[in-house]
Amino acid sequence: QIGSVDVDGYELTNVSAVVVNRDHRQTADISMQGYDGTVSVKFDGTSKGEGSGHALAEVKAIDITRLTQLEALTGALSLTSETTFSGHRQSQILNTLDGVTRFQIQDGTLDVTPVKRVAVLVDTLRGSDAEAATWPDRMPFTQLEGEHRFNKGTRADQTFDFRLENVLVTGSGGFDVVGNHLGYDISIKLEETASGPFPVPPWLARINWPVRCEGGLDDSLADLCLPGKTGIQKLAGDIVKQELRRKGEQTIREKIEERLPDDLKDKASDLLKRLFK
């Protein structure tokens, strides 16, 4: 039982730990408080042969900004995580890490500057007023929910997704702790909405927005995540296709309204929806 402890600058209180090391097997049951929330970890591993481990972690209502010192994301973080690994050294553990983490962040904000940059660029390419320029740099949200997976190590093949308000984000990539480097390819989809601080017009909705995040582990989100040239070219092409599809559907609907009898309009409308999908 430890009243308070400082671990590499992280201040924790009410630390309770039961650790057993017997016959090459290690188990641990640890709980603690800090940053307005609680953390508990259960671990079971063996040092026989190559060595292996299994860990369960639960976090409740941690202030994510106070914990990480990152201003790009705020709110109260809760998560459950289950991971496995093998090896004795840190490098072996990081190269074999597998597992899934499901998380929620309540009542927070997210720095959406990378999305805003792309949206302003798209509006400019279309020759229209840059509606996205009026978006605030930070999106407030009531709840952000998502999932993250490790697949045979941290350096590559991680996947994650999360949703907040009218935004869906998916990504893949990895990080190298020793090399202080990360790289993720991220896809962002916006749902059409005319209300709220982030109005999304039809030509910006339901399209994959590509963003590449690459740099040092300590870099800010705004510096890490930028739209790539190839991704922007594809995005512009997708927007043109969607606009043509939308305008074509609108024109045909107008013809249906003009020429079809009322009892056939609903059936024609359903057929039209399937056609343009």
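How many cavities of 30 Å³ or more does a search of the whole structure find? The search turns up one. Before going in, keep in mind that this is a predicted model, where local features need pLDDT of at least 70, side-chain atom pairs count only at pLDDT 80 or more, and totals for chains, interfaces and linings use all residues. Residues are numbered from 1 along each chain as its sequence is written, and side-chain values use heavy atoms, with hydrogens and water left out.

A cavity here is a set of points, on a 1 Å grid over the protein atoms alone, where a 1.4 Å probe fits but cannot get out; lining residues have an atom within 4 Å of a point. Grid points are joined across faces, edges and corners, and the volume is the space filled by probe spheres set on the points.

You'll find Phe-198 in the loop between strand S11 (181-190) and strand S12 (209-215); strands are DSSP runs of E, at least two residues, numbered from the N terminus. Why does Phe-198 count as buried? Because its relative accessible area is 6%, and buried means under 20%, exposed over 50% and partly exposed in between (1.4 Å probe, protein chains only). Leaving aside neighbours within four places in sequence, Phe-198 is in contact (heavy atoms within 4.5 Å) with several residues, including Val-112, Trp-135, Met-139 and Asn-166. Val-167 is 31 residues from Phe-198 in sequence, with 10.0 Å between their C-alpha atoms.

Next, the core. In soluble globular proteins, nonpolar side chains tend to be buried together. A nonpolar core is a set of buried Ala, Val, Leu, Ile, Met, Phe, Trp, Tyr and Cys residues joined through side-chain atoms within 4.5 Å. The largest one has 43 residues, and among those with the most contacts inside it are Trp-135, Ile-186, Ile-188 and Leu-190. S11 supplies the largest share of this core, five residues. S11 itself is mostly covered, with seven of its 10 residues buried.

So who are the neighbours of S11? Strand S10 (residues 167-176) pairs with S11 in the antiparallel sense over 10 bridges, where pairing takes at least two DSSP bridges between two strands. Phe-175 stands opposite Leu-182 in S11. S10 and S11 form a hairpin with four residues between them, and Asn-180 in the turn has a positive phi of about 50°. S11 also pairs antiparallel with S12, over seven bridges, with Ser-187 partnered by Pro-210.

Finally, head for the outside. Asp-23 has a positive phi of about 55° although it is not a glycine, and sits in the loop between strand S2 (10-22) and strand S3 (25-34). Asp-23 counts as exposed because its relative accessibility is 64%. Asp-36, in the loop between S3 and strand S4 (37-46), likewise has a positive phi, near 70°, and is exposed at 60%.

Technical notes. 1 Å grid on protein atoms, 1.4 Å probe; cavity = no way out; pocket = protein on both sides within 12 Å on 5 of 7 lines; lining within 4 Å.
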